[in-house]
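This note takes the model point by point, from the overall fold to single residues. Please keep the structure in view while reading.

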Amino acid sequence: MPIEHLKRYNTYRTTVPTGHYDLVIVSLIHQPVSILQSMRRNIERYVKGKFLWVIHYNNEEPLDETSLPDWIWIVRHPIWTDRSSRTLSHAIAKCLEFALQNVSFINAMMFSSGSCFFREYVVPTKPEVKFITHNQFFDETKEPNLGSAF
């Protein structure tokens, strides 16, 4: 399956992000702008610290990046993605590439556009490796599957 760039007419800022962040969040968003706005409100409410959210936006509805807070950035030249294909990994890599080309950061987090926070999350200020499974959210008897490598 060849990689195809989308022919979308999103409005982008004329600048790119700069600076240092403790966390870069990357997400693939295929839903309309209303879902992105819902996720934005959720992240504003629960995520505390110095972070940047880089999204690969893949929806027919145009998105105006200039209307978003300065901590949200859209990957330029998004690709067409398809479920259960390598295009999803490629889009995630494009988010990380965009971040790496423009800012420095300590940690990266990825979550799908269906994910959201349900309690305060304090951004780590030093490198951490963690893995959280959905099981611990639904089965309180399970030990959290968390581990720090640093």
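1. Pairing of S1 and S3. In this predicted model, Leu 28 has His 56 as its bridge partner in S3. S1 and S3 run parallel and are joined by seven bridges.

2. Overall composition. The protein chain contains three helices and six strands. Read from the N terminus, its elements follow the order β-α-β-β-β-α-β-β-α. Of the 150 residues in the protein chain, 40% are buried. Among contacts with a separation of 6 or more, 69% are between residues 24 or more positions apart.

3. The sheet. In what order do the four strands of the open sheet stand? The order is S4-S3-S1-S5, and the pairing is parallel. S4 and S5 each have a single partner strand and stand at the edges, so one side of each has no neighbour in the sheet. On average, neighbouring strands of this sheet are turned by 30° against each other, direction ignored.

4. Pairing of S3 and S4. These two strands run parallel and are joined by three bridges. Val 54 has Trp 73 in S4 as its bridge partner.

5. Both faces of S3. Seven of the seven residues of S3 are buried, and the strand is thus described as mostly covered. Phe 51, Trp 53, Ile 55 and Tyr 57 point one way from S3. Leu 52, Val 54 and His 56 point the other way, and the residues of both groups are buried.

6. Helices against the sheet. H1 lies across S1, S3 and S4, and runs at about 165° to S3. H2 packs on the sheet, where it touches S1, S3, S4 and S5. The direction of H2 makes about 150° with that of S1.

7. The largest nonpolar core. This core has 22 residues. Those with the most contacts inside it are Ile 43, Phe 51, Trp 53, Ile 55, Tyr 57 and Leu 63. Two or more residues each are given to this core by strand S1 (20-29), helix H1 (33-46), strand S3 (51-57) and strand S4 (72-74). H1 supplies the largest share, five residues. A second, separate core has 14 residues, including Val 24, Val 26, Ile 79 and Ala 99.

8. Phe 51. Which residues does Phe 51 contact, leaving aside its neighbours within four places in sequence? They are Tyr 21, Leu 23, Ile 25, Ile 43, Trp 71 and Val 123. Phe 51 is also among the residues with the most contacts inside the largest nonpolar core.

9. Ser 27. This residue lies in strand S1. Is Ser 27 buried or exposed? Its relative accessibility is 1%, and residues under 20% count as buried, so Ser 27 is buried. Leaving aside neighbours within four places in sequence, Ser 27 is in contact with Met 39, Trp 53, Val 54, Ile 55, His 56, Cys 95 and Phe 111.

10. The length of H2. Helix H2 (residues 86-102) has 17 residues. From its first C-alpha to its last, H2 reaches 25 Å, close to the 24 Å expected at 1.5 Å a residue.

11. The buried residues of H2 are Thr 87, Ala 91, Lys 94, Cys 95, Phe 98 and Ala 99. These residues are on the same side of H2 because they cover an arc of only 130° around the axis. The buried residues of H2 pack against S1, S3, S4 and strand S5 (104-110). On the other side of H2, Arg 86, Ser 89, Leu 100 and Gln 101 are exposed.

12. Val 122. This residue is placed in strand S6 (residues 121-122). Val 122 and Lys 48 are 74 residues apart along the chain, while their C-alpha atoms are separated by 4.8 Å.

Key. Residues are numbered from 1 along each chain as its sequence is written. This is a predicted model: local features need pLDDT of at least 70, side-chain atom pairs count only at pLDDT 80 or more; totals for chains, interfaces and linings use all residues. Side-chain values use heavy atoms; hydrogens and water are left out. A nonpolar core is a set of buried Ala, Val, Leu, Ile, Met, Phe, Trp, Tyr and Cys residues joined through side-chain atoms within 4.5 Å. Buried means under 20% relative accessible area, exposed over 50%, partly exposed in between (1.4 Å probe, protein chains only). Contact means heavy atoms within 4.5 Å. The expected span of a helix is 1.5 Å times one less than its number of residues. The arc is that of the directions from the helix axis to the C-beta atoms. Two strands pair if DSSP finds at least two bridges between them. Axes are lines fitted to C-alpha atoms, for helices over the stretch in contact, and angles run from 0 to 180 degrees between N-to-C directions.
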